[in-house]
Structure formats: structure tokens, C-alpha cells
Amino acid sequence: MLDFVTAFIQAFAPIVALILFCLPIIAIWRAYKNSDQYKNPKEYRTKGSTGERLAYLQLVNDYGVPEKQILRNVYIPTKRGTTEIDLLVISKKGILIFECKNYSGNVYGDGNRDKWIQYLGNTKNYFLSPVVQNKYHVAQLKEYFKDIKDLPVIPFVVTTGNANWKLKNIKPEDNVMYWTGVRFGDVYNSLEDSAIMKANINKIYGALKKFERPDEEVKKAHIESLKRHK
């Protein structure tokens with residue numbers, strides 16, 4: 001009997017080993033098939049779009065922001081062309097704008113300087129401060145809705161990716177999230193409901209919705225405008 005059991009174990013041991021080897025792979029594949037990245041691959045084509053998608057999902061899943069209140073890649077008309085806002089939430093407390101940065105490496109930034117620096121190994125890249133970008137976006141939104149006095153526009157900078165952010169001179173109202181422990185929910189809950197938004201929310205939504213994710217011609221013109229004004 002013992003010889004039979006031993007022979008049985010020896011015969012089926014490779015099969016058992018194969019099953020044990022395959023189970024984690026199957027679990028990983030199932031998880032991937034159920035993931036947002038599998039279902040919406042176009043959202044993950046670039047590092048930038050990936051960061052924006054992750055910020056969008058966090059707003060929806062972690063903070064309960066209704067999807068219909070979120071607009072993405074909104075191209076606001078300006079005097080020199082357009083300016084693009086990564087994410088925009090139209091809420092009862094104001095227009096919330098998000099500049100998303102999905103970076104790796106070491107990032108050095110100063111709230112008083114226009115240019116920040118990213119180090120990837122020995123490579124150094126300069127980029128426009130997201131705080132400065134948001135200030136420009138706030139100004140352009142208020143200019144676009146200049147008939148609405150005292151329109152509340154609240155900026156946020158979302159840092160995703162695995163970068164080590166080394167920042168200084170960041171003001172609380174700049175709302176640079178996560179690296180300082182700032183959380184969107186805490187900031188949002190601290191804001192008062194706006195009578196201005198209550199009176200104009202449908203008008204604002206209708207005006208901005210048409211600028212969300214425009215066609216390639218608008219995007220191309222936006223890029224050309226950026227090159228001209230560097």
C-alpha cells in the first residue's frame with residue numbers, strides 16, 4: 001500500500017506543481033482583465049494621460065465625486081489661443097482645477113520660481129511649475145467668465161508616480177496634494193458652498209463641457225501656440 005501511495009504521489013507531483021505554478025498567474029490575469037487599464041487602454045497611452053486617469057479614478061472612487069461633474073482635458077479659449085486644464089470639477093463650492101504630474105526620479109521645486117527641475121539619474125529636465133500653471137488657469141477661467149463676478153476657482157496640484165518631491169515655499173492655498181499630507185477631501189470639506197455657483201452652475205457646465213477633449217485640430221493648434229510663446 002505504501003509503495004502505491006508513493007508511486008501515486010510521484011506520478012502526479014509534476015501536475016500538482018504545474019497547477020500551483022499557474023494559479024498565481026491566472027489570478028494576476030483575472031485581476032488585470034478586471035482592471036481599468038485593460039478596459040480603457042487609451043487612457044494609459046502616455047505617462048501624462050496615465051496620471052490624469054489615476055487622479056480621475058481617485059476623485060470618483062475615493063472621494064465620491066460624481067463622474068458627470070468631472071471634465072477632462074478642457075481647452076479654454078484665451079487671447080493667444082487655448083490653455084489646457086487636465087481635470088476640472090464643477091461643484092457647488094466652486095470650479096476645482098487639477099494640474100496632474102506623473103513623474104519619476106527626484107523633483108525639486110520652489111513655490112516662488114517659475115521653473116522646477118526633475119532629475120532622472122544624470123539627466124536634468126526643467127519644466128514649468130504646476131503652481132504657476134494653475135495660477136494661469138485660474139486667471140484664464142475668470143477671464144472667460146468675466147461676467148460672473150467673484151467666481152470661485154480653486155487650484156490643486158496632483159502628484160502621482162514614484163517621484164521624490166523636494167519642494168519649498170509652497171503656500172497652503174496652492175493645494176499641492178500628497179507630498180505634504182494634503183488631501184483633497186480635507187480641502188473640499190473646508191470650503192463653503194457658493195451662492196455664485198448655485199446661481200450659475202448650469203451656465204458654467206454648459207460653457208465648459210463643449211471644450212472637453214476636443215478634436216485633433218484644436219490640440220494641434222494648442223501645441224503650436226505653446227511653441228510660439230515659449
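F184 is tucked away: this residue is buried, at a relative accessible area of 3% (buried means under 20%, exposed over 50% and partly exposed in between, using a 1.4 Å probe and protein chains only). The model is a predicted one, where local features need pLDDT of at least 70 and side-chain atom pairs count only at pLDDT 80 or more, while totals for chains, interfaces and linings use all residues. Residues are numbered from 1 along each chain as its sequence is written, and side-chain values use heavy atoms, with hydrogens and water left out.

Aromatic rings come next. Rings of Phe, Tyr and Trp (its six-membered ring) pair if their centres lie within 6.5 Å; planes under 30 degrees apart are called stacked, over 60 edge-to-face, and the rest tilted. By this rule there are 11 aromatic pairs. In one of them, F98 and F184 are tilted, at 5.7 Å centre to centre with 50° between the planes. F98 belongs to strand β3 (residues 94–102) and F184 to helix α5 (residues 184–190), so the pair ties together parts 86 residues apart in sequence; helices (H or I, at least four residues) and strands (E, at least two) are DSSP runs numbered from the N terminus. F98 is buried too, with a relative accessible area of 1%. Y103 and W165, by contrast, are stacked, with 6.1 Å between centres and 0° between planes. Here Y103 sits in the loop between β3 and β4 (106–110), and W165 in strand β8 (residues 164–168), 62 residues apart. Ring pairs also join Y63, F98, F156, F184 and Y188 into a cluster. On the face of Y188 lies K93, 4.4 Å from the ring centre (a charge sits over a ring if NZ of Lys or CZ of Arg is within 6 Å of the ring centre and within 35 degrees of the ring normal).

Then there are the charged pairs. A salt bridge is a side-chain nitrogen of Lys or Arg within 4 Å of a carboxyl oxygen of Asp or Glu, and the whole structure holds nine. E43 and R213 meet in one, at 3.1 Å, N to O. E43 lies in the loop between α2 (36–39) and α3 (47–61), and R213 in the loop between α6 (195–209) and α7 (216–228), so this pair ties together parts 170 residues apart in sequence. E43 counts as buried at 13% relative accessibility, whereas R213 is partly exposed at 37%. E43 and R213 also belong to a salt-bridge network with R53 and R72. The charged end of R72, in turn, sits over the ring of Y56, 5.1 Å from its centre.
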